[in-house]
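Take a look at the structure below. The report that follows walks through some of its features, one at a time.

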Amino acid sequence: MSSSTVSPPRRFGGIRKQVNTFLLTAFLGFAGLVALVAYKQGMFESHTEIHFHAPDATGINKGMAVRLHGVLVGTVNDVQLVERGVRVQLGIKNDYIQRLPRGSQARLAREGYVGAASIHILPGSAGADRTPVAQGDEIRFVAQKGIADMLDEVRQQATPALQELRRVAAEMANPDSDFRKSVTALREMVEELPAATRELRQLARDTDRAVNMAARAGAQAERELPLLSQKLGATLDSLNAASSQAREVLGQAPELMRGSGELVRDTQELTQAARRTWLLRDYIEPSQMRTLPVDSFESYGKR
Amino acid sequence: MRLLVLLFIVSATGCSAPPKPSTAARQEAALEANRKGEAYVRHGELENAARSYREALRFSQALEDADGIAANAINLSIVRQRQGRFADARASLAAVLDQRNLKFSNARLAEVSLRQALLDLDEKNLAGADDWMAKATGHCAERCPAGAAIHNVRAQLALQAGRTDAAFLAARSAHDASRASGDQAEQANALRLLGIVGLKNGDAASARQHLEQALAIDRELGAPRKIALDLLALGQAAALGGDRESARAYYARALAVGEADRDVAVAAEARALLAQ
């Protein structure tokens with residue numbers, strides 16, 4: 001009896017070797033692809049984990065990019081619910097850890113207004129703690145305000161200013177108001193000024209004429225004197241009226257100053273509200289709590 | 001179109017009651033009060049500065065903002081100490097020391113302990129100052145922003161105790177630490193202390209060399225009180241070297257600076273030295 005083993009046809013000679021080679025190549029290719037993806041994801045780089053607490057995780061996702069001055073320095077590793085809201089775990093590449101001081105703040109930002117969201121790290125100011133963050137450290141999160149919050153703020157800031165403007169406008173329209181009285185008094189005073197000036201000029205001319213005539217004829221001067229004194233009296237009366245009106249105008253000055261102070265304050269409030277609006281706030285450096293320098297010579301010289 | 005929307009929003013706001021302040025608004029209010037406090041300190045209006053820092057501290061406490069609480073408590077304690085209100089200065093620091101539930105950074109705790117030591121030093125409680133210095137050192141790790149200041153206070157305590165060798169070593173450490181961290185104010189303080197140690201050791205040349213360096217830095221920083229202290233010590237160094245004329249010139253300069261800065265203590269000391 002001949003052997004029952006079936007030998008492959010001649011045209012399939014070496015097929016096992018070729019299949020094995022193909023499978024090995026495919027496996028190596030797949031493994032290389034996985035390694036490349038892992039490398040691109042930064043899995044071969046050592047990271048330092050830090051975290052922050054946020055009241056709301058809206059817009060924050062696992063795997064989201066963490067950027068410092070626009071440079072990718074890490075990713076969001078985890079988002080957990082805790083009592084204070086959410087705890088967001090960040091994995092920062094160790095190459096960049098020296099550039100992240102402990103006083104740093106995290107902020108949720110978008111590339112443009114509709115671009116991809118990412119966590120932006122804002123390094124602390126000169127007064128804050130400059131030592132680099134370490135494993136497990138917590139940094140502060142600067143909350144991103146929603147459109148409702150912003151509207152609330154604008155409304156909150158603008159309401160008193162609008163009320164004040166309305167009050168000022170009403171006061172200006174009222175004929176019995178201090179402002180209208182001041183303007184009327186000022187106008188009357190201005191209207192009387194040409195007459196007073198004319199009388200003064202006339203007085204100067206009369207005086208000159210009187211002095212010349214007095215030199216020539218004392219008797220004639222005697223006749224002119226009553227007229228002169230009469231004109232002088234009228235001029236003094238005009239001046240007296242003008243000064244009393246000027247006094248009245250000056251009396252209104254404190255009220256006007258107070259009004260302008262309120263307007264300045266309102267303008268400041270509106271400016272602050274505008275600084276916080278989404279149109280402007282990305283272009284303004286975030287403020288930070290500042291500490292006076294702790295001076296070792298604070299007590300020296302008093303002892 | 002945008003203008004119309006804005007006009008609509010602005011007109012709609014006039015018809016509503018003001019809402020309750022949000023967290024961000026409170027945070028902004030705390031920062032605003034902090035900035036106002038700093039401006040008042042710059043203009044020498046200490047009572048107004050204290051009011052602003054107290055307000056900022058209150059806002060930070062309401063938000064449980066640990067760093068804000070520490071910053072404003074330290075600022076308030078500095079202002080109160082300058083006013084001579086030591087009890088109030090300590091009370092402000094209690095906002096950090098008595099708050100066990102919040103996590104303050106070691107750097108902040110070191111600063112708070114250092115502030116307590118400075119208050120004790122001002123009240124001549126040297127033992128208390130020593131205790132607080134030990135705590136500050138404990139909080140201060142390898143790289144601590146307050147490291148140079150801690151060495152300088154240690155040098156002052158050693159000088160008070162008459163240990164000039166220990167004072168020299170501490171001031172030298174402060175000088176090295178401040179140079180490394182770029183803290184010019186503490187570098188000038190360290191140089192001044194090295195000058196004072198030179199005076200105590202009867203070494204007029206060394207004292208003068210260190211004090212002139214301190215004076216150059218203080219002038220650059222624009223610190224009138226420190227300039228006056230440098231000039232007084234330079235006068236003493238000149239007197240130690242037998243140059244009475246130069247000594248009187250330094251004292252007169254210190255008196256002019258003290259009077260211009262309205263520093264009563266410095267001016268009084270300069271007058272006393274001129275009268276000798």
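A:His69 lies in the loop between β2 (65-68) and β3 (71-82) of chain A. This model is predicted. A:His69 has a positive phi of about 50°, although it is not a glycine. Is A:His69 buried or exposed? A:His69 counts as exposed, at 68% relative accessibility.

B:Arg262 is not a glycine, yet its phi is positive, at about 55°. B:Arg262 sits in the loop between α13 (244-260) and α14 (264-275) of chain B. With 76% relative accessibility, B:Arg262 counts as exposed.

**The sheet of chain A**

Back to chain A and its strands. Seven strands make up an open sheet, in the order β1-β4-β3-β2-β6-β5-β7. The pairing in this sheet is mixed. Which strands of chain A stand at the edges? They are β1 (47-54) and β7 (140-142). Each has a single partner strand, so one side of each is left without a neighbour in the sheet. Neighbouring strands of this sheet are turned by 35° against each other on average, direction ignored.

Strands of a sheet pair through backbone hydrogen bonds, either parallel or antiparallel. Two pairings show the antiparallel kind. β1(A) and β4(A) run antiparallel and pair over eight bridges. Here A:His53 has A:Arg87 in β4(A) as its bridge partner. β3(A) is also joined to β4 (residues 85-93) of chain A by eight bridges, and these strands run antiparallel. A:Thr75 stands opposite A:Gly91 in β4(A).

How much of β1(A) is covered? The strand is mostly covered, with six of its eight residues buried.

Now pick out one residue in another strand. A:Gln105 is in strand β5 (residues 105-110) of chain A. A:Gln105 is buried, with a relative accessible area of 5%. Leaving out residues up to four places away in sequence, A:Gln105 touches A:His120, A:Ile121, A:Leu122, A:Ile139, A:Arg140, A:Val142 and A:Gln288.

**A nonpolar patch**

Chain A also has a nonpolar patch on the surface. A:Phe12, A:Ile15, A:Val19, A:Phe22 and A:Leu23 form this patch. Together they have about 470 Å² of accessible area. One of them, A:Leu23, lies in helix α1 (residues 15-40) of chain A.

**Chain B**

How many helices and strands does chain B have? The count is 14 helices and zero strands. Chain B has 276 residues, and 49% of them count as buried. The accessible surface of chain B comes to about 13200 Å². Carbon and sulfur atoms account for 52% of that surface. Now consider the contacts in chain B with a separation of 6 or more: residues 24 or more positions apart account for 51% of them.

**Salt bridges**

Side chains of opposite charge can pair when their charged atoms come close. Over all chains, the count comes to 23 salt bridges.

| Pair | Closest N to O distance |
|---|---|
| A:Asp206 and A:Arg209 | 3.5 Å |
| B:Asp263 and B:Arg225 | 3.9 Å |

Start with the pair in chain A. A:Asp206 and A:Arg209 are separated by about one helical turn, because they are three residues apart in helix α3 (residues 178-216) of chain A. A:Asp206 counts as buried at 10% relative accessibility, while A:Arg209 is partly exposed at 45%.

Next comes B:Arg35 with B:Glu28. B:Arg35 counts as partly exposed, at 28% relative accessibility. B:Glu28 also counts as partly exposed, at 21%.

The last pair in the table is B:Asp263 with B:Arg225. What does this pair tie together? B:Asp263 lies in the loop between α13 and α14 of chain B, and B:Arg225 lies in helix α12 (residues 224-240) of chain B, so the pair ties together parts that are 38 residues apart in sequence. B:Asp263 and B:Arg225 are both buried.

Salt bridges can also share partners. In this way B:Glu47, B:Arg80, B:Arg85 and B:Asp88 are joined into one network. One of these, B:Arg80, is found in helix α4 (residues 66-82) of chain B. B:Arg80 counts as buried, at 5% relative accessibility. Not counting residues up to four places away in sequence, B:Arg80 touches B:Glu47, B:Ala50, B:Arg54, B:Arg85, B:Asp88 and B:Ala89.

Key
Residues numbered from 1 in each chain as written. Chains lettered and ligands numbered in written order. Predicted model: local features only at pLDDT ≥ 70, side-chain atom pairs only at ≥ 80, totals over all residues. Heavy atoms only, no water. Helix = DSSP H or I, 4+ residues; strand = E, 2+ residues; numbered from the N terminus. Buried < 20%, exposed > 50% of the residue type's maximum accessible area, 1.4 Å probe, protein only. Contact = heavy atoms within 4.5 Å. Patch = residues over 30% accessible without salt bridge, like charges linked within 9 Å, V, L, I, M, F, W, Y side chains within 5 Å. Areas by Shrake-Rupley, 256 points an atom, 1.4 Å probe, with all protein chains shown as cover. Salt bridge = Lys/Arg side-chain N within 4 Å of Asp/Glu carboxyl O. Pairing = 2+ DSSP bridges. Axes fitted to C-alpha atoms, helices over the stretch in contact; angles between N-to-C directions.
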